[in-house]
Amino acid sequence: MNAVRRIGLTGGIGSGKSTVARVLVGCGAHLVDTDAIARALTLPGGAAMPALAAAFGPQAVAADGALDREHMRRLAFADPTARERLQAILHPLIGEQAAREAAAAGDRPVLFDVPLLAESRHWRARVDRVLVVDCTEATQVARVAQRPGWDAEAARRVIAQQAPRAQRRAIADAVIHNDGITPAQLADEARALWRHWIDAGARP
Ligand code: ADP
């Protein structure tokens, strides 16, 4: 087996992706969190803000200079062209920052946490393996509805905007089915996969 140095991790909201990411960090992965990168790019003074302000006007910028997330969410939801423009600005910047953070990994395998990996043409080529955490939509909704400020309807709205499960599974090298198992079993599955991909691949 070729050495696995870069894993792309994805999954729909509430699938258990973040939980798996934490377990793999415990195994020794260097985590590159693309959601956190996207947030940092759109904070006051963030590298994406000049281009976003130019593309979407002052309404897209909150009083403190950060992206007005609620405004952009509404716009992107209502207007697919706006969503594409937003992505065309953010995705290259996320990719560049992710590459910088990956370069700091040293010898450690890199785990790219990419919620929209299945939606992006570029990520598949940047990683050696794609790991998908999958569960039924009913389970996703039940988990997300527990979060403060969320309910089932909000969860369903986000799920409807994300790639369908089949699209994610189609790009997977491995799928962890996170339904009907305990968090401890989920962690065991993630660690087993790490041993298979990383520890076994590292043996001469
Ligand atoms: P994601 O990052 O995919 O949105 P999380 O990893 O944050 O999802 O998981 C969503 C919620 O579901 C968290 O509260 C997590 O602890 C819980 N969870 C995940 N997997 C399981 C499981 N197998 N059993 C019980 N709870 C789980």
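These notebook entries record what I looked up about the ligand surroundings and the helix packing in this structure.

**Entry 1. Basis.** I worked from a predicted model, in which local features need pLDDT of at least 70, side-chain atom pairs count only at pLDDT 80 or more, and totals for chains, interfaces and linings use all residues. Residues are numbered from 1 along each chain as its sequence is written, and side-chain values use heavy atoms, with hydrogens and water left out.

**Entry 2. Ligand shell.** I looked up which residues surround the ligand and found 15, a residue being near when one of its heavy atoms lies within 4 Å. The closest are Gly 14, Lys 17, Ser 18, Thr 19 and Asn 178. By class, I noted four nonpolar, eight polar and three charged residues in this shell. Here Ala, Val, Leu, Ile, Met, Phe, Trp, Tyr, Cys and Pro count as nonpolar, Asp, Glu, Lys and Arg as charged, and the others, Gly among them, as polar.

**Entry 3. Polar contacts.** I then looked up pairs of N or O atoms within 3.5 Å, the cut-off for a polar contact. A backbone N or O atom of Lys 17 lies 2.9 Å from a ligand oxygen. The side chain of Arg 147 places an N or O atom 2.9 Å from an oxygen atom of the ligand. A polar backbone atom of Ile 181 is 2.9 Å from a ligand nitrogen. Of the 560 Å² that the ligand exposes when taken alone, the protein buries 71% (Shrake-Rupley method, 1.4 Å probe).

**Entry 4. Contributing helices.** Helix 1 (17-27) and helix 10 (183-202) are the elements that give two or more residues to the shell; helices are DSSP runs of H or I with at least four residues, numbered from the N terminus. Helix 1 supplies the largest share, three residues. I found that the axes of these two helices come within 9 Å and cross at roughly 50 degrees, with axes fitted to C-alpha atoms over the stretch in contact and angles running from 0 to 180 degrees between N-to-C directions. Helix 1 and helix 10 are therefore oblique to each other (angles under 35 degrees are roughly parallel, over 145 roughly antiparallel, 65 to 115 roughly perpendicular, the rest oblique).

**Entry 5. Other helix pairs.** The axes of helix 3 (residues 49-56) and helix 5 (residues 80-103) come within 10 Å and cross at roughly 160 degrees. This pair is therefore roughly antiparallel. Helix 7 (residues 137-145) packs against helix 8 (residues 152-161) at about 130 degrees, with axes 8 Å apart.

Conventions. Polar contact = N/O pair within 3.5 Å; in protein donor to acceptor, adjacent residues only side chain to side chain.
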